[in-house]
Amino acid sequence: MTYDGLVMNGVARECHELLSGGRVDRIAQPNKNEIILHIYNQGRNHKLLISALAQEARVHLTSAAPPNPGHPPVFCMVLRKHLEGGRVLSVAQQGLDRILHISISAMDELGDFREKLLIAEIMGKHSNLILVDPESGRILDSMKRITEAVSRWRQVLPGEVYVPPPPSHKLPPWQEREETLSGRLLQAGASQALDKIILSTYDGLGPLSVQELIHRAGASPVDTLEYFGQGDYIRLYRALSALGADIAQGSYHPEILALAGRPKDFSAIALTLYPAGQRQAFGTANDMLDAFFRGRTTANLFRQRQSDLEQIIRREQERCRKKAGLQAESILEGKEARKWQVLGQLLMAEHYRLRQGPEATVTDIYDPEGGSVTIPMDPRLSPVENAQVYFKRYQKAKLTAEKAQIYYDDTMGELSYLDSVALSLTTVSTLEELSEVREELTQAGYLRRGGGAPTRERGAGRPASKLKGAQKAKKSRGGKAAAGDGGSAGSAGSALGRLRAGGFEILYGRNNRQNDYLNMKVAKAGDLWFHAQNIPSAHVVVRNPEKKDVPAEVIEAAAKICLWHSQAKASGRAPIDYTLRQNIWKPKGAKPGMMLYESYQTIFVSADEEDMARLIGS
């Protein structure tokens with residue numbers, strides 16, 4: 001992300017035209033690093049945002065309305081005292097540096113109009129906003145106060161004389177001449193990479209605009225001047241000269257670079273080195289910056305909330321795995337409990353000849369060769385009583401194993417459900433879809449609503465006593481389980497994925513709630529239903545209201561969509577089951593999204609990004 005001198009130049013030109021003569025109605029400071037000037041001019045309200053946050057330092061007009069703190073900081077109060085009610089005289093960039101001077105004439109305590117200078121220095125971690133009295137040249141206050149302990153060369157404190165940052169001594173692009181270009185670049189170092197040379201030579205250019213300039217010249221950023229010929233210098237000069245002419249005239253083509261659907265960077269000039277599908281053009285630099293940072297804020301919030309939910313699901317998955325491990329141990333012990341029954345039977349078979357003691361040697365009636373076995377005994381008990389102890393031990397282990405099996409099946413069902421929720425988090429793309437996943441986890445008891453207690457027992461899906469009945473129903477109908485999703489329908493219908501292939505409409509859910517809505521509300525008899533085999537996946541439906549034969553290419557397209565939204569996406573190939581809608585059903589008390597199906601067919605498909613681009617494009 002590069003807020004370079006070209007971006008600042010475009011913003012300064014636009015703001016000077018829109019704000020000059022405007023009245024400063026209000027000043028707000030949403031947080032310690034941001035100031036918003038509310039300026040009314042020519043019948044319109046404008047909000048000028050100035051941020052000194054290191055990663056997002058910038059100046060631009062915005063349509064955002066961040067909340068104001070109840071008690072404004074000291075710097076905000078100083079700005080209100082000196083600037084509110086004043087008129088904007090000018091907005092000017094200093095050369096091509098990232099320094100913006102906003103001159104404002106406001107009335108002082110004596111009723112006289114005095115000019116004040118608000119200086120925005122956009123310099124990464126050194127960014128600052130400083131209010132200066134131009135008559136005396138002294139600082140009235142600043143957003144960040146810089147003491148001698150921080151900088152011995154330049155202190156930024158109230159009462160100190162304002163000292164501008166040291167000049168860069170770089171050449172504006174429009175001042176370059178063809179006959180001096182090669183010599184100037186060679187002075188910077190013939191063996192250095194071309195992008196570093198240009199970045200250190202010409203004013204106003206950032207890393208992204210340098211890459212674009214080099215692309216327009218037909219060169220590569222890693223090229224060195226050692227291998228440059230006369231033709232290379234000519235092409236570079238022409239690209240630089242054309243860019244310089246656009247800057248001098250204020251002719252910009254602001255664009256946002258988006259990767260994977262999210263804003264990645266921005267530029268005041270057209271980014272022709274990237275495909276057109278990754279670029280979004282804007283009419284003004286201010287509109288571009290406002291859209292970029294609003295999108296960035298949304299993307300950051302999306303990633304944060306997504307990460308929070310992923311952490312919750314990972315924690316619950318680990319809990320289920322540990323619980324399933326303990327339950328599996330109890331099941332294994334139950335399977336081995338048969339030996340306690342055998343020892344009791346052997347003692348009972350020869351109890352009439354045995355005496356009390358620490359052990360007894362008896363004939364192993366289960367050994368074909370008629371060997372003997374020594375059985376440990378409690379010397380305080382008779383052989384018969386010892387046999388009863390072994391029988392009780394066997395019965396206890398057997399009952400424990402039976403209960404553990406029931407709970408184990410329920411735990412694995414819960415784990416399968418959590419896997420499906422985890423999958424849905426990899427496919428959601430909006431805050432609204434994330435909210436649906438969060439609401440589902442809240443209804444399932446994994447999250448607290450409003451900070452209170454869970455709405456029901458965490459992870460509860462159906463009572464253990466009903467589990468066996470559900471399994472019998474599944475067995476009696478020959479059904480196959482499909483782990484999906486659920487929750488209330490809400491607005492899920494409008495968010496379903498939709499595309500057309502071969503004249504048929506294909507619908508699919510991006511998260512649990514959408515899948516359940518698709519299965520129970522949208523899909524009808526005659527529609528084809530798809531699910532990845534034995535792994536969580538999106539549920540896909542091919543609409544077929546006329547109950548026609550669905551072509552093979554449509555079935556393949558739907559299967560590819562199902563694969564792409566499944567845990568098998570990374571492998572690129574998997575078996576996909578499909579059947580008619582009337583062959584799927586939801587067991588009573590099943591967890592959200594758990595569907596059973598029968599009479600299905602299986603198709604093996606592979607899918608990659610090209611397949612998805614073709615299907616979505618179609």
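Modeller: Before we count anything, a rule is needed: two rings of Phe, Tyr or Trp (its six-membered ring) pair if their centres lie within 6.5 Å, and planes under 30 degrees apart count as stacked, over 60 as edge-to-face and the rest as tilted. This is a predicted model, in which local features need pLDDT of at least 70 and side-chain atom pairs count only at pLDDT 80 or more, while totals for chains, interfaces and linings use all residues. Residues are numbered from 1 along each chain as its sequence is written, and side-chain values use heavy atoms, with hydrogens and water left out.

Biologist: How many aromatic pairs does that rule give here?

Modeller: The count comes to ten aromatic pairs. In one of them, Phe-228 and Tyr-233 are edge-to-face, with 5.3 Å from centre to centre and 70 degrees between the planes. Both residues are buried (under 20% relative accessible area, where over 50% is exposed and anything in between partly exposed, using a 1.4 Å probe and protein chains only): Phe-228 has a relative accessible area of 14%, and Tyr-233 has 11%.

Biologist: Which geometry do Phe-530 and Tyr-578 show?

Modeller: Phe-530 and Tyr-578 are stacked, at 5.3 Å centre to centre and with 20 degrees between the planes. Because Phe-530 belongs to strand E18 (residues 528–532) and Tyr-578 to strand E20 (residues 573–580), the pair ties together parts that are 48 residues apart in sequence. Phe-530 is buried at 0% relative accessibility, and Tyr-578 is buried at 13%.

Biologist: Which rings form a cluster, and where does a charge sit over one of them?

Modeller: Tyr-3, Phe-266, Phe-292 and Phe-293 form one aromatic cluster. A charge sits over a ring if NZ of Lys or CZ of Arg is within 6 Å of the ring centre and within 35 degrees of the ring normal. The charged end of Arg-58 sits over the ring of Phe-293, 3.9 Å from its centre, and the charged end of Arg-393 sits over the ring of Trp-340, 3.6 Å from its centre.

Biologist: Which residues touch the most other members of the largest nonpolar core?

Modeller: In soluble globular proteins, nonpolar side chains tend to be buried together. We call a core a set of buried Ala, Val, Leu, Ile, Met, Phe, Trp, Tyr and Cys residues joined through side-chain atoms within 4.5 Å. The largest one has 68 residues, of which Tyr-3, Leu-48, Ile-102, Leu-118, Ile-198 and Phe-266 touch the most other members. Apart from it lies another core, of 29 residues, which includes Leu-499 and Tyr-578.

Biologist: Which strands pair with E17?

Modeller: Strands (DSSP runs of E, at least two residues, numbered from the N terminus) pair if DSSP finds at least two bridges between them. Strand E16 (residues 497–501) is joined to E17 by five bridges and runs antiparallel to it, with Leu-499 standing opposite Ile-506. On E17, Ile-506 also has Val-542 of E19 as a bridge partner, for E17 and strand E19 (residues 540–542) pair in the antiparallel sense over three bridges. The hairpin of E16 and E17 has two residues between the strands, and there Gly-502 takes a positive phi near 60 degrees.

Biologist: Why is E17 described as largely enclosed?

Modeller: Four of the five residues of strand E17 (residues 504–508) are buried, so the rest of the structure largely encloses this strand.

Biologist: In what order do the strands of the open sheet with E10 lie?

Modeller: The order of its three strands is E11-E10-E12, with antiparallel pairing. Strand E11 (262–267) and strand E12 (279–281) are the edge strands, each pairing on one side only. Strand E10 (residues 255–259) pairs with E11 over five bridges, and Glu-255 has Ser-267 in E11 as its bridge partner.
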